Amino acid sequence: MCERHASQGARRAREFESFVAGAAGRLLHSATLLTGEAPDDNPRARRLLTLALAHTYAVWDRLRGEDPYDRAREYLATRFARGAWHHRGGLLSRARVHPASPLAHLGPRERLIIVLRLFEGVGEEQVAALLGIPQERVHALCDRATATVLHPPRRPAAVEAGAAPS
């Protein structure tokens, strides 16, 4: 009996390691886009990834044919959402977005929707269900976020060096 449990544990560990080897890079990229951090300096994104992978490992035996990537992505997104707007003043809402981030001009909810819809390819209906908002709202926020990313607001004009202070 003990050998069987050890064998099952080893198989579970190998399966999970294979999953992580294939999925961690993409999940980290998604988390980095969500947090708006620089790709080479992304401690909040790495924390989100660690939590998502730990949760996925904890439920690994209960997945029963469910895609572990979908489960990890869902946990990552809901954890980000909870930290970003349910706990105003929390770590993610106080965090500054890196100015070089492609999603720097978006708020947390818009970043979440655009990452899920455009980077991850999740359908509007699924995003709406995940976030608990109407599908029409997801569509409107995605359209607005896409327009902002494609046509970012102009930065204020720099004060000319020769201009006299007023």
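## Basis of the model

This is a predicted model, in which local features need pLDDT of at least 70 and side-chain atom pairs count only at pLDDT 80 or more, while totals for chains, interfaces and linings use all residues. Residues are numbered from 1 along each chain as its sequence is written, and side-chain values use heavy atoms, with hydrogens and water left out.

## The nonpolar core

The largest nonpolar core holds 41 residues; such a core is a set of buried Ala, Val, Leu, Ile, Met, Phe, Trp, Tyr and Cys residues joined through side-chain atoms within 4.5 Å. Buried stands for under 20% relative accessible area, exposed for over 50%, and partly exposed for what lies in between (1.4 Å probe, protein chains only). F19, L27, L112, I113, V127 and L131 have the most contacts inside this core. At least two core residues come from each of helix 1, helix 2 (43-58), helix 3, helix 5, helix 6 (124-131) and helix 7 (135-150), where helices (H or I, at least four residues) are DSSP runs numbered from the N terminus.

Apart from neighbours within four places in sequence, I113 is in contact with V127, L131, I133, V138, L141 and C142, contact meaning heavy atoms within 4.5 Å.

## The cavity

A search of the whole structure finds one cavity of 30 Å³ or more, a cavity being a set of points on a 1 Å grid over the protein atoms alone where a 1.4 Å probe fits but cannot get out. The largest cavity has about 30 Å³ of space, the volume being that filled by probe spheres set on the points, which are joined across faces, edges and corners.

Its lining residues, those with an atom within 4 Å of a point, are S30, L34, R73, L76, A77, L112, V115, L116 and E120. Helix 1 (2-35), helix 3 (68-86) and helix 5 (108-119) are the elements that give two or more residues to this lining.

N42 lies in the loop between helix 1 and helix 2 and counts as buried because its relative accessibility is 3%. Its side chain makes polar contacts (N or O atoms within 3.5 Å, one able to donate a hydrogen and the other to accept it) with the side chain of T32 at 3.0 Å and with that of R46 at 2.9 Å.

F119, in helix 5, counts as partly exposed because its relative accessibility is 27%. F119 and R26 are 93 residues apart in sequence, yet 9.7 Å apart in space, C-alpha to C-alpha.

Notes. On a 1 Å grid over the protein atoms alone, a cavity is a set of points where a 1.4 Å probe fits but cannot get out, and a pocket is an open set with protein on both sides within 12 Å along at least five of seven lines; lining residues have an atom within 4 Å of a point.
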